[in-house]
Amino acid sequence: MKGILIKRLVQLLMMAWSVGTITFILSRMLPGDMAYRIAAGRYGDDAVTAAAASAVRQELGLNDPVWLQYLHWLGELLQCNLGSSLVSGNPITAELQHQLGYTLILAAAAILLSAVIALPLGLICGFQANKWIDRCGLLISTFLRSQPVFCLGLILILLFSLQLKWFPVAGFDSLPHLFLPALTLALSLAALSSRVIRNSTLRVIRSDYYLFSRIKGLSRQQTFRRHGIRNIALPVVAFMGIQLVGLIEGVIMVESLFAWPGIGHGLSHAVFSRDIPMLQGTALTCGVLFVVINTLVDGCCYLLDPRSKMTC
Amino acid sequence: MAKLIKRFITLLLLCVIYGCSQPPQADRLTISGPFEPISLDLARAGYIFSRLQIVETLVDINNDGQLQPGLATSWESHQDATVWRFHLRPNVTFHDGSMMDANAVVKSLRIALSKPTPFDKQLIAAVTAIDAHTVEFRLQSSYRPFAAILTNYTMAILAPASFDHSDKVVNLVGSGPYQLTEFDPPHMVSVSRFADYYGAKAHIPYVDYITGHRPESRALMVQGSSADIVYNLDPASVQLLQNSAEVRVNSTAIPRTIIIKLNIADPLLSSLEVRQALSLALDRQGIAEGIMHQPGAEANQIFGPSMGIWHVASLPAPAADLKQAQALLAAAGWQRDSNGMLQKQGKRFTLNMVTYANRPELIVIATAIQAQWAKLGITLDVQMENASAIPLGHNDGSLQTALMARNFANIPDPLTVLLADFSTPQGGDWGAMNWNDPAFFHLLQQTTHATGADYERDVQQLSTHLAEALPMIPVLYYVQQSAVAKRVKGFSFDPYERSFRIANMELQP
């Protein structure tokens, strides 16, 4: 376990440097004049003029050599200072704290909700493999997965907000606002994870060790508890960990549809308006989260699977 | 696991019950629009604080574009319009309880003028306090429409306590009928009624503004009672909401025009006949009805009907005429080749058009123009860019044509716009480009000194001249679409988009 953590820490440091550097290089390779882009982001389309761009260029030292700007960023990063947004002027840490906080809440709710949906469905389909319930599960999963998440969200709004009037359409200042965006994401995630659970269940219940435990006289429940849960959970935990990482980076459409603040929206705006500190800070945070979540998944798998203790 | 699932389901049920039991609050109005309040700085997001009636300007404007007293009750200038005096409204209290006086106004304006503004701030040589209730502006040169500049949100007056030692806005302390209570950039602004407002008190105690990024979401928000007023709707959403019994749709013409900017120095566009042909080839009616779902929005001049005397009602209605367009091009020496494409001296008529994504209708209109000009044998390459590509292309000379939505409400006097964008051959970032018309320039300078009937006559001549000389080709006028919940009474739309006018609204149970 200690080995895993040290390895991940080194990975984290390398990742922070490389993600920041690549973002810095890529953002400077994008077409268009940075000063004009930043002026458009700051003052709006109607107010972007040569004079505003010139003021931005002067204020931010955009005429400085690129290597000097890079060294400046690296120096600040070593002091754990991500700088301020070129558009809003607010500290990047404050912006990230605000946006990432909402994304994490949404992602956590979505993954929990998807587990609530996918676990029973996947287990039932696994135990009833190739029967009508399994085929129905496959059909529903394929349908949900083939829907763009935006379309799924609209269907849920029409049903739960406009018809049943159970939940608000959009917003973010109370708990009911969380339900529809979380359910939209959860359905899309559960469509896939329920099939992973189904396959994992099927693999385990058809294994020799599972059959042997039944032959030696254990009941169905005992067999499932002692030999099923952990073996089924291993690939499922790893898969849902990957889903969670994907969620944090890719919820922009859902955030946009439900007017939910989040890092996806912040990232896209940072790209459009060449807000490089925001871009670097967001990419860096997503990278850190990727390593942290992977470490947590590794930790869970380590605890679930006693065999990994021997390999470590 | 079973316990966890049970707890989760219980939590969900509680959510449902809580969600179901939340009707719209009787004392709180919720507004949604696409505008993102990114900062407290007025230069960056002042338009949203002005619309929420937190901040006010010295001069106001009515629906017809006429200047009205704001924080200044009256103003006058010297004969040569280089010195202007504004007399401040007495007994105005800022939201922190401090009194508004000339020193506070001078400080606020000095800081505002150190930041980017939508006018040439070099014009203002000095701002001084003459006495406790009089502020004087000394200008570098004569400027008759000066008072109109002070209607812009960047010139709104903040209390001295708003700024820190480096003049950064740290608290937004204005003087409007609403005061800021919560700022959650870029997604939410909450305000509450200001009890000590000098004018008529607002009826609604609390107002929330929520950024709704997508027009579809905003339409659903007002339909599902998650918002009371939503702004900037798309044509599809308007059609949806027009069938709803709970919502009414408001359509108001605003001083914004979709225009094609042309680089007149480009050999392809320097001839008036060619520009007239390009204009005649446009099926404006088709664009207005088919794309914007706004019949009657076709533009035959730059300034629309909402711009008072600047709109010339007698100009002929715009009509597509391909035959006449073809004849004009032929007169200019352009002939079709065997492929039906126009060419002159072996060179094809190929143009490039820049437009931007923030106004999604522009790219659709640009592709419609592409198809319409193709009928003349002109190839048009459309480039989707950021809005900043237009001023950038203007200044580095790389721009050939651009499709843009020009806002004339920023400074409500079009004379200011013309002086900035049409008074020299260089033109302006969002105006003419390399258009040299000494007769127009002379008439424009003459208009800056005219008054009364002479002014009105000159204004009409200027607008007519622009419509005939076509330094830019007008396409459509904008109609702003908003939707309002039935419980909101007293709604009206400010065509100059300076205020949501929430202080005049009431909520009915």
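**Exercise 1.** State which elements of chain B cover the buried residues of α7(B), and identify those buried residues.

*Solution.* The cover includes β12 (247–262), α9 (322–331), α10 (360–374) and β19 (472–485) of chain B. Contact requires C-beta atoms, placed from the backbone, within 7 Å. Helices (H or I, at least four residues) and strands (E, at least two) are DSSP runs, numbered from the N terminus. A residue is buried if 20 or more other C-beta atoms lie within 10 Å of its own. By that criterion, Val274(B), Arg275(B), Gln276(B), Ala277(B), Leu278(B), Ser279(B) and Leu280(B) are buried. Helix α7 (residues 272–280) of chain B is largely enclosed by the rest of the structure, because seven of its nine residues are buried.

The model is predicted: local features need pLDDT of at least 70 and side-chain atom pairs pLDDT 80 or more, whereas totals for chains, interfaces and linings use all residues. Residues are numbered from 1 along each chain as its sequence is written, with chains lettered from A and ligands numbered from 1 in the order in which they are written.

**Exercise 2.** Determine which residues touch the most other members of the largest nonpolar core.

*Solution.* Such a core joins buried Ala, Val, Leu, Ile, Met, Phe, Trp, Tyr and Cys residues through C-beta atoms within 7 Å. Among 228 residues, Ala39(A), Ala110(A), Leu52(B) and Val475(B) touch the most other members. Helix α5 (residues 92–127) of chain A supplies the largest share, 15 residues. Leaving aside residues up to four places away in sequence, Val475(B) touches partners including Ile258(B), Leu282(B), Arg284(B) and Ile365(B).

Technical notes: Buried ≥ 20, exposed ≤ 12 C-beta atoms within 10 Å, placed from the backbone. Contact = placed C-beta atoms within 7 Å.
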